[in-house]
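This report describes selected features of a structure and the confidence attached to them. Please read it with the structure open.

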Amino acid sequence: MNSTADSRAHALASPATSGLRGWLTTTDHKRIGLLYIATSLLFFAVAIGFAMVMRTQLATPRAGLVSPETYNQVFTMHGTTMVFLFGMPILAGFGNYMLPLLIGARDMAFPRMNALSYWAYLFGGLLLYSSFAFGGAIDTGWFSYTPLSNRSFSGHDGVDFWVLFIILTGISSLLGAVNFVVTTVKMRAPGMRLQDIPVFAFATFVNSFLILFAIPSLTVGVVMLYLDRNYGTAFFDVPRGGDPLLWQHLFWFFGHPEVYILVLPAFGMLSEVVPVFSRKPLFGRGAMLIAIGLIGFYGFLVWAHHMFAVGLPFWFNVFMAGASFLIAVPTGIKLFNWLATMWGGALRFNTSLKFAAGMIGVFTVGGLTGVSLAVVPFNWQVTDTYYVVAHFHNTLIGGTVFGVMAALYYWFPKATGRLLGERLGLAHFLLYLFGFLLTFMPLHVVGLLGMPRRVYTWQEGMGWEPYNLVSTMGGYMLALGTLVLLWNIGRSLISGKVAGDDPWDAWTLEWATTSPPPHYNFATLPLVRGPRPLWDLKKPDRADWRRGHGHAEEPAAQRVRAASVGKTAADLAGPSGMVALPPPHEHPYQSAAPITLAVGLLAIAAGFLSSLIVVALAAVFVLGALIAWLWEPAPEEPEPFPPARYARRRVGKIGQAITYRTESAPLATLLFIGSEAVFFAALIYSYFHLRYMAMEWPPAGMPDLPVGIPAFNTFILVTSGVLAHWGMAAFRRGDTGRFRWGVGLAVVLGSLFLAGQIYEYGHVGFGLSDGLLGSTFFTLTGFHGAHVAAGLIAFIFLLLRSFSRDWGPRWIGAAEATTYYWHFVDVVWLILFTAVYLI
Amino acid sequence: VRRDWAAAASLCLVAVAAAMVLGGCGTPDSPSILRPESPGAQQVRNVTYVLLAISIVIFLVVETLLVLAIVRFRGRREEEAVQTYGSRKIEILWTAIPVVIVIVIFAITVATMRTPQLPGDALLLRADGRAWWWDFSYPQADFASPNEIHVPVDRPVDVELTSSDVIHSFWMPQIGGKTDMVPGKLNRQSFTVITPGQYLGICGEYCGVQHAHMQFVMVAESPEEFSAWVARQQQPAEEPEDGPARQGMEAFLALPCAGCHSIRGTDAVGRAGPDLTHVGSRLYLAAGTLENDDENMARWLRDPQGVKPGNLMPNSPLSEEQVQQLVEYMKGLQ
């Protein structure tokens, strides 16, 4: 308790961190996590308000509470808010707050990028909501099917606001995902192997890959939609050869992984809560980790099970159904393993475990109805009825929300130093459980009775009355439960029972520091030898690793580390079992760069909703903000314990140690490139999709594309790649001169490439709005050109930086990252050149 | 004592599940997928019951284990919790059993997905989705019948589906599943109705502001009744001789009505709204959502935007006299 008070005093001691300014410029993952959680709870309350409007309107037939226009905005904003402004960000918030604590790190790998992802999320949300003041919010459903979302059927700008919002929050999610992966890979505590990290951290890790590979497909879709609506392209425009089903493929290739993005972290949360309150290790931990990975992987193979009714080929539907059934198997494994964890335990049946048990009980129903929905003929009957609404609320409330609540009651004392009230917790839980059952169980039935989704009213005489009325009553209970939760949070913050550092006698690293933790998280850490480091520490003779769970051996990582400091990690740990970390910085690291950059991004988005002049001005501002960001002196973090496989490789290669931060840039870039690869894959898929639907190509009346300039451009770009590679190799040997030559020539050639492309645009004889050829040609080559330009800017920055005083091996990471990126741009061009000009 | 609320919660779950099963049939008027009237929909109903049975067994196993775990192991002393880490045998077992179950369900799925080959004498129907009504036509008999179709029982029907604006979905819950109506794409659905009666059709894809009021009715009748209906529908509209109906016709042709609606046998040839040649014979107005009687017809004519806000028929400044005349005219279009 004393230590809690100390850390509070410490947190408040530094003037730079206090007040509004402290929060606006924070880069502390804990504060960012709290901002995420608080903001998303706010949006949660708003979206529940929308749900209450819907349930009130639907309680009785032909009710007139709201107009159809209003209702359609309300249901669209309910879904959009719940998915993008509550679900994803609250999970990101928990990830942000907990991940470094769970793996024994002092912050995320990229603290400023972390802050940027919060501000991009917040501004994206505000942008979306501002559409209410500019002619109306989006009313085409969270899936916004074309052609309903095209300009001809959706005249006001709600869809455009939504597009820009999707892009802003997409940027936020991608940055967050890169950060989570790099942090997990590079910054684990001494001795912690990837399979030893807490399951919530592992779920967040897997989830990040889902985000990286799913979101670009949506980005491509909304960009095309935006161009169709505002610049006359023809991607989804049927009379000009476009295809509305292309939108559905792009949307659901994102949309199905998205539902796992919303539920996998909740699975992770349950896997933290259930063992601790059952006083047993997680049953079948290995299988649980594999199951998370499998669910994530299968999630990419089932998108068209949302499209069974659109008339796709028979065998395609068979494949999608089969893959969907497969997902039931790892999901079942998870449920049974949680049950087995509880079985034979000594249950502490507090609110957290109640929500966890509630999730096991309720999610089962969602899983079973999910299987039924993959039975194609049954799906044809119930798709787009209230049966589906009931199904996915079983998974998203029964799964995500109950999981988040279990985690909230579990981790609240860590973040605030105070416990949430158990009596209010019981009321909250009962209102949620029974409210949920009353709301959604009847909706299964009314769906089977033929009630379609997304109707603003319904007619009497169909036998739907009792189900709708009961459902609305249940909805009010859920809303009341949410008020109880907010009351509980408020009351506990002020006068909750003081928790102490480890109120649950738990086993993972976050409980090894104070509540709330100091800005540097840990002064010392136990040596990690398995998934339950604090159990091993508290019960040394019954330690997991003594029973074959964890590692008794010194891991290779520790040996290499030891070589550099002359001791083994066990020596460092000493008899107490705690490893002292290097002394932390006195004050947390504050920076105004992230919020400045986010303002710039918001301005660009606003420009795309008003005028291209604003876009241009905002782009200049963003470029300036980026340069300021890159130039800002980031504090040299004392390096705790880099996973040493990398350290060893690097030490051998360049003859001097490199901090893990330097190492992080290339990894982050590779992840980003993976995401970008999906982006271009989706673009190129769209191109072939439309091209092979067209009767002839190039379409009648359009010219054949001349190959001369692009062929020369190909030669130029490949040469620039070789030169950049040569320069980079020289830099690794310590030869800055040759590095400048290689990169400098690459910049010259890259600029020539762009000049050639601009010349070609002027002479190709058609424009962006000239049918499918114009749409696809300019979009494909234009996005590639933008990537070339981004690579050039990065190279130019490195060249300038190479004349500054701090130039040296610590820049190898950044240079390597840029070179990877440049090679990627090369490869994309080779594919584009083949697809657009040659085939 | 307090432990029992957990058991109560689970009982509630079971009770709700039971209510679902029992309540699943709805009232006799429900467009319920559990009261099918075609062989295809009957097959789906049977599959539904198989799925429900499997689900209930799994549900009961999970909930029983959950409740037992809570009742037996809550509040025990710390030392009693045995530190078990897993069991390969049990884990293989509860991986293998679900695998077997999903293989069975997959087999059922593939077996029921195929639609049977249509015989040559199938009745051909064309359906064009519109915002927010159904443009049905009978190409073999060459007439349009918006928002209402008639079919003979026991004869296969083949419907060609497309859309002129946004995506809609063709769905008659008691007859078969949904098939989307996608602009630029031709989908088909075929079915055979086995019982005479009226069946509700519902738009199954969100299509904009009046998606909620996009329905149609299908009348299944004996082959003789069907032939008589076709013969009547093929006729052009009868021109009323005199009286209010005659004045109604004149008003219809003079007012903007004819710009959007067609009435065969008159100069009204608009294509934007439903064909009204036999509107008086139809059971419903406003795309299957309003019973076709004088009062509703008058309501609709006075204030279409009040009855179905946002629909594409604008309010016209009609005098009450004109409304009554139009009602008479429409009623006579049998």
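## A loop in chain B and its backbone

Where is the place of B:Asp142 in chain B? In this predicted model, B:Asp142 sits in the loop between strand S2 (133-138) and strand S3 (143-144) of chain B. Although B:Asp142 is not a glycine, the phi of this residue is positive, at about 65°. B:Asp142 counts as exposed, because its relative accessibility is 65% and the cut-off for exposed is over 50%.

A positive phi is also found at B:Ala286, where the value is near 50° in a residue other than glycine. B:Ala286 belongs to the loop between S11 and S12 of chain B, and B:Ala286 is buried, with a relative accessible area of 12%. As background to both residues, most residues other than glycine have a negative phi, and most peptide bonds are trans.

B:Gly288 counts as buried because its relative accessible area is 7%, against a cut-off of under 20%. Leaving aside neighbours within four places in sequence, B:Gly288 is in contact with B:Gln215 and B:Phe216, and also with A:Gln459 of chain A. The C-alpha atoms of B:Gly288 and B:Phe216 are separated by 4.4 Å, although the two residues lie 72 residues apart along the chain.

## Cis peptide bonds in chain A

The bond from A:Thr146 to A:Pro147 is cis, with omega near 0°, and A:Pro147 lies in the loop between H5 and helix H6 (158-186) of chain A. The bond from A:Ser515 to A:Pro516 is likewise cis, with omega near -10°, and A:Pro516 is placed in the loop between helix H15 (465-495) and strand S1 (524-526) of chain A.

## Helix packing in chain A

Two packed helices are described by the angle between their axes and the distance between the axes. Helix H4 (residues 68-103) of chain A packs against helix H13 (residues 386-416) of chain A at an angle of about 35°, with the axes 11 Å apart, and the crossing of H4(A) past H13(A) is left-handed. Among the residues that meet here are A:Phe86, A:Ile90, A:Phe94 and A:Leu102 in H4(A), and A:Val404, A:Leu408 and A:Trp411 in H13(A). By class, this contact of H4(A) with H13(A) comprises 15 nonpolar residues, three polar and one charged.

Helix H5 (residues 111-130) of chain A and helix H19 (residues 593-609) of chain A cross at roughly 35°, and their axes come within 8 Å. The crossing of H5(A) and H19(A) is right-handed. The residues brought together include A:Leu116, A:Trp119 and A:Phe123 from H5(A), and A:Leu597, A:Leu601 and A:Leu602 from H19(A). In the contact of H5(A) with H19(A) there are 15 nonpolar residues and one charged, with no polar ones.

In soluble globular proteins, nonpolar side chains tend to be buried together. The largest nonpolar core in this model has 343 residues, and those with the most contacts inside it are A:Phe94, A:Trp162, A:Trp411 and B:Phe170. Beyond its neighbours within four places in sequence, A:Phe94 is in contact with residues that include A:Ile37, A:Phe200, A:Met269 and A:Trp411. A second, separate core has 23 residues, among them B:Leu276, B:Met297, B:Ala298 and B:Trp300.

A:Val74 also lies in helix H4 of chain A, and A:Val74 is buried, with a relative accessible area of 8%. Its contacts, leaving aside neighbours within four places in sequence, are A:Phe50, A:Val53 and A:Met54. The C-alpha atoms of A:Val74 and A:Asp139 are 7.6 Å apart, while 65 residues separate them along the chain.

## Confidence of the prediction

The predictor assigns the complex an ipTM of 0.95 and a pTM of 0.94. Chain A averages a pLDDT of 90, and 92% of the residues score at least 70. The pLDDT is below 50 over residues 1-15 of chain A, a stretch with 20 contacts in the model beyond near neighbours in sequence. Residues 555-568 of chain A also have a pLDDT below 50, with 19 contacts counted in this way.

Chain B averages a pLDDT of 92, and 92% of the residues score at least 70. Within chain B, confidence is lowest in helix H1 (residues 4-23), at a mean of 63, and highest in strand S6 (residues 168-172), at 98.

Notes:
Residues numbered from 1 in each chain as written. Chains lettered and ligands numbered in written order. Predicted model: local features only at pLDDT ≥ 70, side-chain atom pairs only at ≥ 80, totals over all residues. Heavy atoms only, no water. Axes fitted to C-alpha atoms, helices over the stretch in contact; angles between N-to-C directions. Helix = DSSP H or I, 4+ residues; strand = E, 2+ residues; numbered from the N terminus. Left-handed = near helix turned anticlockwise from the far one by under 90°. Contact = heavy atoms within 4.5 Å. Nonpolar A, V, L, I, M, F, W, Y, C, P; charged D, E, K, R; others polar. Core = buried A, V, L, I, M, F, W, Y, C linked by side-chain atoms within 4.5 Å. Buried < 20%, exposed > 50% of the residue type's maximum accessible area, 1.4 Å probe, protein only. pLDDT = per-residue confidence, 0-100.
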